[in-house]
Amino acid sequence: MGQANGRKSIFITGAASGMGLETARLFHSKGWFVGGYDVNGAGLAALEKELGADNCIVAKLDVTDKEAYDAAVASFGKATGGKMDLLYNNAGIGAGGLFADMDFVENMRVVQVNFIGVLNGIHAALPLLKATENSLCFTTSSSSATYGMPGIAVYSATKHAVKGLTEALSIEFRIIGVRAADVLPGLIDTPILPEGAAANAPKEGMFRSIPPVEVAKVVWEAYGSDKLHWYVPPELVELDKAAGNAPEMVREQIATTGPIAPMLKMMEEEAKAKG
């Protein structure tokens, strides 16, 4: 039966910190066998020590490396007897700035990690998911997939891609008995945020700072549900609805009152001053 010894199992990328770490902790507390993967070796070592070597398998993994991903899934499968109850595609990186000023190589790295990495993971894990009754392919999208967000345009685009992929696969995978869903987190207090972002966030509203354990709770809830999109906090669903029904209105709201509205206004004024 392998190292998992018949326990349900979850494969988590980005497991060394933030939402992935909290998800690993929560599922471990529920008696699951955890596969933790990240580029952060020190964080993985700490995770293994915390959960216990008998309860997890950890390994460094760059999700953009398809061969490495295939090998990680194969090793996980040996530990679980060829099963995977839940694939959590969580690894992601962010890069902020106006598109015109961004380094193209940096933008492409965001695309490679946030979207190609997800494709790599789903493709590699699909045989194990197919072999497991009631399995779930779950992915971290973003609140920036509700409407394209200025200042993180490429990041936002990758999360739109993840959301669209999840919707399509949730239909396709019915044929093979695998479910697909995603989470659209708002401002989660994790290392991906710029320094000071969480501390300076609004105290109320959909873009308040939220601890990563709240996302972990959603991953747990999603396993027992057929719901497609999960919003953290739940109020974000209203932004998604508004973006679909009145995109021009949302565009103006973001441009005039959104997080980077002051910077946009300042740049506009500077441009006018230059003539």
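## Basis

Helices (H or I, at least four residues) and strands (E, at least two) are DSSP runs, numbered from the N terminus. This is a predicted model, in which local features need pLDDT of at least 70 and side-chain atom pairs count only at pLDDT 80 or more, while totals for chains, interfaces and linings use all residues. Residues are numbered from 1 along each chain as its sequence is written, and side-chain values use heavy atoms, with hydrogens and water left out.

## Second largest pocket

Strand 6 gives the most, with three residues.

The lining has eight nonpolar residues (Ala, Val, Leu, Ile, Met, Phe, Trp, Tyr, Cys and Pro). Four are charged (Asp, Glu, Lys and Arg) and three polar (the others, Gly among them).

## Helix 3 against helix 4

Helix 3 (residues 66-80) and helix 4 (residues 104-130) pack at about 35°, with their axes 9 Å apart. Axes are lines fitted to C-alpha atoms over the stretch in contact, and angles run from 0 to 180 degrees between N-to-C directions. The crossing is right-handed: the near helix is turned clockwise from the far one by less than a right angle.

Contact means heavy atoms within 4.5 Å. Residues of helix 3 that meet helix 4 include Tyr69, Val73 and Phe76. On helix 4, the partners include Gly117, His123 and Leu128. The contact residues divide into six nonpolar, five polar and two charged.

## Aromatic pairs

Rings of Phe, Tyr and Trp (its six-membered ring) pair if their centres lie within 6.5 Å. The count is nine aromatic pairs. Phe11 and Tyr69 are stacked (planes under 30 degrees apart), at 5.9 Å centre to centre and 15° between the planes. Phe11 lies in strand 1 (residues 9-13) and Tyr69 in helix 3, so the pair ties together parts 58 residues apart in sequence.

## Backbone exceptions

A cis peptide bond joins Val232 and Pro233, with omega about 5°. Pro233 sits in the loop between strand 7 (229-232) and helix 7 (236-245).

Key:
Phe/Tyr/Trp six-rings, centres within 6.5 Å; stacked < 30°, edge-to-face > 60°.
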